[in-house]
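Biologist: Could you walk me through one part of this model in some detail, beginning with a loop and moving on to a helix pair and its surroundings? Please spell out your cut-offs as you go.

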Amino acid sequence: MVEPCTTVHLSGEIDIFTSKALRTRLMDELDRSREFLVLDVSGLAFSDVSGLAVLVGVQRRARSMGITVVLTAPSPRMSTMLRITGLGRGFLIEG
């Protein structure tokens, strides 16, 4: 069933060792989404550049499907990383 809003709660760390599995999971979630893919990142303890690459790749794919990716509750560290890299402009960020 396709839902207008799909929420995924992320926790732990996103790094070179976990990014491939996360990419697969999020792409699968996109197939079940219709309007919004909400990524609750409040539980993320760490993300390296490979984690950011996953988020950007998912966001690009979502945009091509007409889906908006929303990042909710980013930590101050993640907010700073998104702002400094300029990647925050590509996402709707709440909280």
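Modeller: Happy to. Ala73 sits in the loop between β3 and α3 (76–85); helices (H or I, at least four residues) and strands (E, at least two) are DSSP runs numbered from the N terminus. Please keep in mind that this is a predicted model, where local features need pLDDT of at least 70 and side-chain atom pairs count only at pLDDT 80 or more, while totals for chains, interfaces and linings use all residues. Residues are numbered from 1 along each chain as its sequence is written, and side-chain values use heavy atoms, with hydrogens and water left out.

Back at Ala73, the backbone deserves a look: phi is near 55 degrees, a positive value in a residue other than glycine. Ala73 is partly exposed, at 31% relative accessibility; buried means under 20% relative accessible area, exposed over 50%, and partly exposed in between (1.4 Å probe, protein chains only).

Another loop, the one between α2 and β3 (68–72), holds Gly66. With a relative accessible area of 54%, Gly66 is exposed. Setting aside residues up to four places away in sequence, Gly66 touches Arg34 and Glu35, where contact means heavy atoms within 4.5 Å. From Gly66 to Ser33 the C-alpha separation is 9.9 Å, and the two are 33 residues apart in sequence.

Now for the helix pair. Helix α1 (residues 19–31) packs with helix α2 (residues 49–64) at an angle of about 20 degrees, and their axes are 10 Å apart. Since that is the angle, α1 is roughly parallel to α2: under 35 degrees counts as roughly parallel, over 145 as roughly antiparallel, 65 to 115 as roughly perpendicular and the rest as oblique. The axes are lines fitted to C-alpha atoms, for helices over the stretch in contact, and angles run from 0 to 180 degrees between N-to-C directions.

On the α1 side, the contact is made by Ser19, Leu22, Arg23, Leu26, Met27, Leu30 and Asp31. From α2 come Ser50, Ala53, Val54, Gly57, Val58, Arg61 and Ala62. These contact residues divide into eight nonpolar, three polar and three charged, counting Ala, Val, Leu, Ile, Met, Phe, Trp, Tyr, Cys and Pro as nonpolar, Asp, Glu, Lys and Arg as charged, and the others, Gly among them, as polar.

Let's zoom in on Ser50, which belongs to α2. Ser50 is buried at a relative accessible area of 15%. Its side chain makes a polar contact of 2.5 Å with that of Asp48; such a contact is a pair of N or O atoms within 3.5 Å, where, within protein, one must be able to donate a hydrogen and the other to accept it, and residues adjacent in sequence count only if both atoms are side-chain atoms. Beyond its neighbours within four places in sequence, Ser50 contacts Asp15, Ile16 and Ser19.

Also in α2 is Leu55, buried with a relative accessible area of 1%. Not counting residues up to four places away, Leu55 touches Leu39, Met78 and Phe91. The C-alpha atoms of Leu55 and Val8 lie 12 Å apart.

Val8 itself is in strand β1 (residues 3–14) and is buried, at 1% relative accessibility.
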